[in-house]
Amino acid sequence: MAQGKSEKKIKWWQLSLFGVGCTIGTGFFLGSSIAIRTAGPSVLILFIIAAIGTYFVYDGLAKLTAKKAEKGAFRTYAKQAFGRWAGFSIGWIYWSAEMLIMGSQLTALSIFTKFWFPGTPLWVFAAIYGVLGLAVLLIGTSGINKLENVFALIKISAILMFIVIAVLAVTGAIDGTRDPQLPPEYFPKGIMGLWSALIFAFYAFGGIEVMGLMATQLKDKSEAPKAGKMMLLLLTIIYLASVGLAVMLVSWKVFTGEESTFVVALDNYNIPLIADIFNGALIIGGFSTMVAALYGVTSILVNLSEDGDAPKIFSKKGKLKVPLPAFILTASGLLTSIIFSLLMPDSIYEYVTTGAGLMLLYNWLFILLSANRLLKPGFVGKMKYYLGVLFILLAVSGTLFSKEIRPGFFISLGFIVIIFIVAFIKNKGSKKKESKGMDTLFEKLQKT
């Protein structure tokens, strides 16, 4: 995304808050409920594994940023590590995945808003949130960062409120229809249930790619690792405390994935406005992650264009904070995704968005592999990145054991294959042009 001279640099704690803002969203508010349903109380182990894996990924990305900040962040590092085909593939995989996911985010936001306005069609809310998201994109990097910081504080406050209420319920200060208790069994679905739920724990930490792009705006690039450590520590504490209390308040069998973990957990307690408060938190969470994704896809599109991996028109600067052609393509992609999400059968679109989520994890793999090659770490560093690769592969392969999300795995592979084929053809064409150019130059030298 074009950066004007007026764009202010940010401090490490602002980047941490930005990371929290673009991470806590529907992936946690709803995904944690699905994870509990799939694995039972043992889901807490998965959040620890996902937090460690996410830390390894961000550690590699942050150290690459500290060494040399690049506008294209992870796609530029992939290009430097493995060649142009990798930068092309990773950039378009990220763009495609986020555009597909945003359609489901807008649909979820519309469903949450319909809770207050049941008679209004979903497409009306989807259009409103889409326009608002695009409007926020036009305010520039510093404006988005400030907005995400506000959203982060609101979301953290909502979760902390849940933790306080849950603690009061556990200690008996608030009476409900069921007495809180420690779960009688921690592994009700066995190792296979645990394995297949790992993907949802990783989804709760999704968003570090955007944080990597924003890290280029740091006043001191060497503080990028510190910002990530603080963000992940805060997220892990919040996630473990809130999910742990949730499975104490109600049976893990009650969670369905159709309602927020917090709404389900507090359903036994007659607390006025609690459903409205958490519904508002869901909307803010979903909207903020969508805004962060819009920033990410537009930044990547501009960078692809500047590198010659997308038409040059998408990096053509104008009076706006964002190149107008790139803005128009992002808006068109968002509109198409909204239409697909509203018209396609729920199960099919869920498979597509699950596949898109898996595609983002493939990008995480490239971040780890790029860091390992470019940073040339010692034994401990290599072990961190290899362990991160192992955790991600476990999460991806676990989807094969769940019939609900298994089709998403094969859809993600389909997207990957198509993009890599295009990258191969483009790379082959570039080599031919280079070879032809060298032959022409050689002929001119001979004539001279």
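Which residues form a nonpolar patch on the surface? The patch consists of Trp 123, Leu 335, Ile 339, Phe 340, Leu 342 and Leu 343, with about 640 Å² of accessible area together. Accessible areas come from the Shrake-Rupley method with a 1.4 Å probe, and for residues only the protein chains shown count as cover. Patches are built from residues with over 30% relative accessible area and no salt bridge; like charges are joined within 9 Å, and nonpolar side chains (Val, Leu, Ile, Met, Phe, Trp, Tyr) within 5 Å.

The model is predicted: local features need pLDDT of at least 70, side-chain atom pairs count only at pLDDT 80 or more, and totals for chains, interfaces and linings use all residues. Residues are numbered from 1 along each chain as its sequence is written, and side-chain values use heavy atoms, with hydrogens and water left out.

Helix H14 (residues 324-343) gives the largest share of the patch, five residues. Helices are DSSP runs (H or I, at least four residues), numbered from the N terminus. Ile 339 is found in H14. Its relative accessible area is 40%, so Ile 339 is partly exposed. Buried means under 20% relative accessible area, exposed over 50%, and partly exposed in between (1.4 Å probe, protein chains only).

The largest nonpolar core has 148 residues. Such a core is a set of buried Ala, Val, Leu, Ile, Met, Phe, Trp, Tyr and Cys residues joined through side-chain atoms within 4.5 Å. Leu 15, Phe 28 and Phe 162 have the most contacts inside it. Helix H13 (residues 274-306) supplies the largest share of this core, 17 residues.

Helix H6 (residues 84-114) is largely enclosed by the rest of the structure, because 26 of its 31 residues are buried.

Seven salt bridges are found in the whole structure. A salt bridge is a side-chain nitrogen of Lys or Arg within 4 Å of a carboxyl oxygen of Asp or Glu. Asp 307 pairs with Arg 75, the closest N and O atoms being 3.1 Å apart. Asp 307 lies in the loop between H13 and H14 and Arg 75 in helix H5, 232 residues apart. Arg 75 is buried, at 0% relative accessibility. Arg 75 also forms a salt bridge with Asp 309, at 2.9 Å between the closest N and O atoms. Asp 309 counts as buried too, at 4% relative accessibility. Arg 84 forms a salt bridge with Asp 309, with the closest N and O atoms 3.1 Å apart. Arg 84 lies in H6 and Asp 309 in the loop between H13 and H14, so this pair ties together parts 225 residues apart in sequence. Through shared partners, salt bridges join Arg 75, Lys 79, Arg 84, Asp 307 and Asp 309 into one network.

Terms used:
Helix = DSSP H or I, 4+ residues; strand = E, 2+ residues; numbered from the N terminus.
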